[in-house]
Amino acid sequence: MLDMFLSPWVYSPVIIILAALLALGCTKGYIHMLQLESYQLPGYFRWFKQNDNKLYTATLLVALPAAIVDAAYTFLRNQLPDASAWWGYAVSAVLVVSALIFMSQQKRQPAKKPLVYTARVKRLVAAIVVLEALVLAVATVVMYFYNASAIFLALRLALYALVLLMPFWVALAAAVMQPIERAIAKKYFKEAQRNILENEALIRIGITGSYGKTSTKFILGTILGEKYRVLVTPSSYNTPMGVTRVIREQLMPDHEVFIAEMGARHVGDIKEMCELVKPMHGLLTSIGPQHLETFGSIENVAATKYELIEALPENGIAIFPDDGAHCTRLYTTTEGLDKALFGVDEGEGRLVWAKDISFGPEGSRFTLCTQDGQEQECTTQLLGRHNVQNIVGCAAMALKLGLTLQEIAKGIAKVEPVEHRLQLIPGANGVTVIDDAFNANPTGARMAMEVLGQFPGRHIVITPGMVELGEQETKLNRAFGEQMASAVDIAILVGEKRTRPIVEGLMAQKFDEDNIKVVANLEEATQLLGTLTRAGDVVLFENDLPDNYNE
């Protein structure tokens, strides 16, 4: 019995099976990153290149010990002819232990946006399995004709290569699957187009902007719900495939309004969304330096967001924020549409605005004013001037669609905070928490500081700064630090290298250096916070790095 287990025909397949499973298991992290990058290979490779890749380091540490043990026996087998089987099982043991360590590390670092096992992910995994099988088959055939007795060694080496080069195998599988995925996406896309156009009375509204899209669509959906039966794309669904799925699975014949959030990372993305949704009306929330890494310039951002307005029919409604910059310029140059401006304060040509704005632990209060002299007191659970601006923009669209100010105010009162966007959370031991952990932008960060400054008690902020701002990232984070200095008492900064500009901004405003705490990751920040807080403190979590950024 023992002789059977010592046979290379037993222990070698054990090693190969373990290594193959390990190679497949190591793909999870890379597939996750590919999914976060919307399956775009340029973004995937940019993530791999720009970040200190802890995931790849962990992958190497799984494969290398076993490879070293295997290589050692290869060199020593003439001196240790009777130890081959035991050496094989040693390799297996090292693989198992390494794999267990790898999996435990992954569990200790839960994803902020976990991998979703969609049909596309399952097809990608199948493609990776096929590639693995092809590599092993080629290795077997080549070694059989070269040296049949070394087949198992060749297979093991091929598997180590699979593990060590796993990020590239995932990319290759994704590239191979792209024509198939495009064909599948086109089929579903056309089906969704048919579904949305079947209801001729359906009011279709697109919302886009550099920031504020998700909050705005839920605000508008709640307000319009006072008069219409509304379907809003859920969560942060703002890609063609995500919105396609919503249309196919959730849009019903009795829906009267469909509101689609339209996200973009590249020029042309909004145009593709408009081909799907066929929007009748559009609301632009903002134009700013978001995703400059992929857009390249603020002009490209503006042009891409304006693709929504360009797609509207002649009788369409176009709503713009009066920002005195890109959005105002686009409003001025727009012709042939029923267009309107909005803003937080009164301004020339604005259809609707807010005045007497105040914030507190219960939310915000303001008076909604219209161009024809009407006024309406409004209350909302939402915090921040930018949220008031989002509400005012939605009020402009609602007025155009026939709602009264009273109906609009009633809807505003029902709006609930969107998770991680200035969400007020009662903390333990008398501590108030403001969760603004969704990816920060310069405008949102400035507004968060304003909100924090209006709360009583000590103010503590935890932030890693802002990302995806291209060449302006350092400059904008330094400005963030300068704004922070007048609003917070203690600044806990996550990531020494990334937050250095924030420290410079704080110090430029003579902020107490003893109250600047730099930590390595969010876990350390939370532990430190526990030692600092006392009753009456207000803690702001401003931004949380997405999973495709290392801390």
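Two residues are in contact when they have heavy atoms within 4.5 Å of each other. With that in mind, let's walk through this predicted model. Among the contacts in the chain with a separation of 6 or more, 70% are between residues 24 or more positions apart. The chain has 551 residues, and buried residues make up 50% of them. Its secondary structure consists of 21 helices and 15 strands.

Nine strands form an open sheet, and you can trace them in the order S2-S3-S1-S4-S5-S6-S7-S8-S9. The pairing in this sheet is mixed. At the edges sit strand S2 (230-232) and strand S9 (375-380), each of which pairs on one side only. As you move across the sheet, neighbouring strands are turned by 20° against each other on average, ignoring direction. What holds such strands together? Strands of a sheet pair through backbone hydrogen bonds, either parallel or antiparallel.

Now zoom in on strand S4 (residues 281-284). On one side, S4 runs parallel to strand S1 (residues 203-208), and four bridges join the two. Look for Ile207, whose bridge partner in S4 is Leu283. S4 also runs parallel to strand S5 (residues 317-321), this time with three bridges. Here Gly282 stands opposite Ala318 in S5.

Phe342 has Val352 as its bridge partner in S7.

Next, let's turn to the nonpolar residues. The largest nonpolar core has 39 residues, and Ile205, Leu224, Leu368 and Ile408 touch the most other members. Helix H16 (residues 385-400) gives this core its largest share, eight residues. Apart from this core lies another, of 35 residues, including Ile247, Ala318, Cys327 and Leu330.

Which residues does Ile205 contact, beyond its neighbours within four places in sequence? They are Leu220, Leu224, Val257, Phe258, Ile259, Ala260, His281, Met397 and Leu401.

Helix H16 also has a helical partner. The axes of H16 and helix H17 (residues 405-414) come within 10 Å and cross at roughly 140°. Because of that angle, H16 counts as oblique to H17. The crossing is right-handed. Where the two helices meet, Ile391, Ala395, Ala398 and Leu399 in H16 are in contact with Leu405, Ile408 and Ile412 in H17. H17 brings us back to the sheet as well: this helix lies across strand S8 (363-370) and S9, running at about 10° to S9.

Helix H19 (residues 473-485) and helix H20 (residues 500-508) have axes that come within 7 Å and cross at roughly 40°. That angle is why H19 is oblique to H20. Their crossing is right-handed. The contact involves several residues of H19, among them Thr474, Asn477, Phe480 and Met484, and several of H20, among them Pro501, Ile502 and Leu506.

Technical notes: Residues are numbered from 1 along each chain as its sequence is written. This is a predicted model: local features need pLDDT of at least 70, side-chain atom pairs count only at pLDDT 80 or more; totals for chains, interfaces and linings use all residues. Side-chain values use heavy atoms; hydrogens and water are left out. A nonpolar core is a set of buried Ala, Val, Leu, Ile, Met, Phe, Trp, Tyr and Cys residues joined through side-chain atoms within 4.5 Å. Buried means under 20% relative accessible area, exposed over 50%, partly exposed in between (1.4 Å probe, protein chains only). Two strands pair if DSSP finds at least two bridges between them. Axes are lines fitted to C-alpha atoms, for helices over the stretch in contact, and angles run from 0 to 180 degrees between N-to-C directions. Angles under 35 degrees count as roughly parallel, over 145 as roughly antiparallel, 65 to 115 as roughly perpendicular and the rest as oblique. A crossing is left-handed if the near helix is turned anticlockwise from the far one by less than a right angle, and right-handed if clockwise.
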